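Keep the sequence and the 3D view open, and try each task before you read its solution.

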Amino acid sequence: MPNLEPAQVGLRTRLFKLLFESDSRAAKAFDIGLVTLIFLSVGIVMLDSIERYHQRFGDLFFYTEWAITVLFTIELVLRIYCLQKPWLYLKSFYGIIDLLAILPSWLTLIVPGSQTLIVVRLLRALRLFRVLDMMILEGEKRLLLDALIRSRHQILLFLFTVLMVVTIFSSVLYLIEPAEAGFTSIPTAIYWGIVTLTTVGYGDITPVTPLGQFISVAIMLTGYSIIALPVGVFSAEVIRALREERYSREACPGCGRDHHERDARYCKFCGTWLDEDTVDPRHKTKIPEA
């Protein structure tokens with residue numbers, strides 16, 4: 001979310017605190033009510049897709065959904081109204097989601113059937129993290145993201161290797177298996193190879209020749225062998241990031257060794273006071289009593 005500011009002091013500022021902040025009881029109540037409407041709207045769309053519910057409660061679903069859409073539209077207008085630079089909000093992630101949350105309903109006036117896109121409103125439930133003060137997880141989220149970025153080359157190499165293995169085995173199966181077995185094209189065979197390698201095994205396409213069955217066994221065993229490799233790589237990077245988060249690289253002024261915990265006050269190797277900007281409390285002179 002960009003750094004948003006209210007348009008002016010007064011009503012717009014009060015609206016801004018209510019709509020964009022959650023440090024007051026009213027703002028938290030508003031956000032909880034908003035999330036409740038989001039889940040209610042998505043639930044209505046899901047229930048309306050069931051034929052027996054649609055026939056019985058279709059009118060109720062229709063009017064309830066439009067009432068929620070009007071409320072969301074008013075909310076978006078108020079968000080734009082109270083901001084000094086509304087385009088910053090509209091270009092942000094939450095701004096785009098809020099806009100997409102109301103567009104499907106209004107599009108039904110032009111394009112019938114687009115109301116099923118209302119499920120995108122579920123993304124607005126991400127605001128619940130702000131309501132529940134889950135921003136304490138910001139550090140953990142950054143840690144996992146850093147670990148994923150560091151291991152991206154290994155993961156991409158793994159995916160490329162798996163794709164090559166699947167393509168080769170699937171092409172062989174396409175050549176040796178009859179079309180009646182389901183191997184009608186190489187892309188279809190690649191679909192079978194991915195399903196087999198991941199050990200899902202839908203069973204809609206199965207080899208019938210002994211050689212094809214042997215290759216299927218080889219692919220399944222290969223899947224068991226290599227499927228855990230990216231998990232191990234990512235776990236190693238997470239552990240490395242945790243260590244960097246916990247330990248400091250600042251050298252001890254006494255012995256010059258590093259790798260101390262960030263909240264450590266004394267060197268664990270020589271006992272030297274680590275904070276050079278403050279005085280070691282052990283060396284403070286006591287004021288003699290009168």
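Serine 170 sits in helix α8, residues 152-176 (helices are DSSP runs of H or I with at least four residues, numbered from the N terminus). This is a predicted model, in which local features need pLDDT of at least 70, side-chain atom pairs count only at pLDDT 80 or more, and totals for chains, interfaces and linings use all residues. Residues are numbered from 1 along each chain as its sequence is written, and side-chain values use heavy atoms, leaving out hydrogens and water.

**Exercise 1.** Decide whether serine 170 is buried or exposed.

*Solution.* Start with the cut-offs: buried means under 20% relative accessible area, exposed over 50%, and partly exposed in between (1.4 Å probe, protein chains only). Serine 170 has 0% relative accessibility, so it counts as buried.

**Exercise 2.** Find the residues that serine 170 is in contact with, leaving aside neighbours within four places in sequence.

*Solution.* Contact means heavy atoms within 4.5 Å. On that basis, look for Ala189, Ile190, Trp192 and Gly193. Next, follow the side chain of serine 170: it reaches the backbone oxygen of alanine 189 at 3.0 Å.

**Exercise 3.** Describe how α8 and α9 cross.

*Solution.* First, find helix α9 at residues 186-197. Its axis and that of α8 come within 8 Å and cross at roughly 120°. That makes α8 oblique to α9, because angles under 35 degrees count as roughly parallel, over 145 as roughly antiparallel, 65 to 115 as roughly perpendicular and the rest as oblique. Finally, look at the residues that meet: Ser170 is among those in α8, and Trp192 among those in α9.

Technical notes:
Helix = DSSP H or I, 4+ residues; strand = E, 2+ residues; numbered from the N terminus. Polar contact = N/O pair within 3.5 Å; in protein donor to acceptor, adjacent residues only side chain to side chain. Axes fitted to C-alpha atoms, helices over the stretch in contact; angles between N-to-C directions.
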